[in-house]
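Open the model in your viewer and keep the selection tool ready. Each stop below names what to pick and then what is there.

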Amino acid sequence: RTIKVEVYDWDRDGSHDFIGEFTTSYRELSRGQSQFNVYEVSNKPKEKRKKEKYVNSGTVTLLSFLIETEVSFLDYIKGGTQINFTVAIDFTASNGNPSQPTSLHYMNPYQLNAYGMALRAVGEIIQDYDSDKMFPALGFGARLPPDGRVSHEFALNGNPQNPYCHGIDGVMEAYYRSLKSVQLYGPTNFAPVINHVARYAASVKDGSQYFVLLIITDGVISDMAQTKESIVNASRLPMSIIIVGVGPAEFDAMEELDGDVVRISSRGKFAERDIVQFVPFRDYIDRSGNHVLSMARLAKDVLAEIPEQFLSYMRVRGIKPLPAPPPYTPPIPVLQTQI
């Protein structure tokens, strides 16, 4: 393809004067600094040049040529970068008593509640990028047995040393088990679960791992200042936060955390990059009861910003994807014959 370059004499007031133009191509430019890359700048058509004994209006010389390769999210995945997925579920009393049908945590034997639907929709897509399919699952805002202490960072499977659940099915199982044993309480604090994931993300900054925290909440947040501080600190780490708001609450605070319109800041310090994606679950409940369609759209919108957030971290740190390993070819069996 031909590349046309126009040359102007720049003026501060914007009335730039046209000097002339020349054409080249990627192939010519890629030869680098040489006699091929000295261009005559002309402001007259070829037939007029000869008549007026016009030679040119100057020359442009190529001094250096650099090829920058645009890499994609999948280049990193192919090169072995691991996506670590953590779930955090809101167990505050504002969700309503789980034994009542009006509760967002209602344990309906026939269909998933809002938390279960959001977990399935997002988790089933993310789990394909997580090679070991082991997900830490946390809860916050509940009183725990046996002594009733309030926790904002507890393991859903009851094992703080090993909060990992196998696949989304394992997370769902641990979630339902927790609902039967803990008491919904409060307040709604986000900072502890964000800091929990940030501690892991801070230990691997070489691009080999990236952390995604999914927070499912009914929306009224109690520790806004601490949460903002946590997000600003986490924006320097290889992590992203997805917040799914369930229920009818006003989600103004969540929109603020999303940072798409105004970059989030804490104590005068701005987030290095946007790492939060917020979606209100109610926008995806299909009136006809067709959850399959809505859940696919929810998953798409929830995960839409992850690749760009991931790439922005890698770009700022200058981390390039590793080459993809060669495709696996099964060994050819050697036939042994006896004579």
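Select P187, in the loop between strand 11 (183-184) and helix 6. This is a predicted model. The peptide bond running from G186 to P187 is cis, and its omega is near -5°.

Next, go to P146. Look for it in the loop between strand 7 (142-144) and strand 8. Which residue is joined to P146 by a cis peptide bond? The partner is P145, and omega for this bond is about 0°.

Pick K133, in the loop between helix 4 and strand 6 (134-140).

Now turn to helix packing. Two packed helices are described by the angle between their axes and the distance between those axes.

Select residues 191-201 for helix 6 and residues 224-234 for helix 7. Their axes come within 9 Å and cross at roughly 15°. An angle under 35 degrees counts as roughly parallel, so helix 6 and helix 7 are roughly parallel to each other. The crossing of helix 6 past helix 7 is left-handed.

Show the side chains next. Helix 6 brings A191, I194 and N195 to the contact. From helix 7 come Q226, T227, S230 and I231. How do the residues of this contact divide by class? Three are nonpolar, four are polar and none is charged.

**Helices 4 and 5**

Move on to helix 4, residues 114-126. Show helix 5 (167-181) with it. These two helices pack at an angle of about 160°, with their axes 10 Å apart. An angle over 145 degrees counts as roughly antiparallel, so that is how helix 4 and helix 5 run relative to each other. Helix 4 passes helix 5 in a right-handed crossing.

Pick out the contact residues. On helix 4, select Y115, G116, L119, R120, G123 and E124. On helix 5, select I168, D169, V171, M172 and Y175. Colour them by class: six are nonpolar, two polar and three charged.

**The largest pocket**

Rolling a probe the size of a water molecule over the atoms shows where empty space is left.

The largest pocket has a volume of about 350 Å³. To find its centre, select L144, F154, A155, G158 and P160, the lining residues that lie nearest to it.

Helix 5 gives the largest share, three residues. Colour the lining by class, and ten residues come up nonpolar, seven polar and four charged.

**The second largest pocket**

For the last stop, select S103, L104, N113, A114 and M117. These residues lie nearest the centre of the second largest pocket. Its volume is about 280 Å³.

How many residues line this pocket? The lining has 16. Colour these by class too: eight are nonpolar, seven polar and one charged.

Key:
Residues numbered from 1 in each chain as written. Predicted model: local features only at pLDDT ≥ 70, side-chain atom pairs only at ≥ 80, totals over all residues. Heavy atoms only, no water. 1 Å grid on protein atoms, 1.4 Å probe; cavity = no way out; pocket = protein on both sides within 12 Å on 5 of 7 lines; lining within 4 Å. Points joined across faces, edges and corners; volume = space filled by probe spheres on them. Helix = DSSP H or I, 4+ residues; strand = E, 2+ residues; numbered from the N terminus. Nonpolar A, V, L, I, M, F, W, Y, C, P; charged D, E, K, R; others polar. Axes fitted to C-alpha atoms, helices over the stretch in contact; angles between N-to-C directions. Parallel < 35°, antiparallel > 145°, perpendicular 65-115°, else oblique. Left-handed = near helix turned anticlockwise from the far one by under 90°. Contact = heavy atoms within 4.5 Å.
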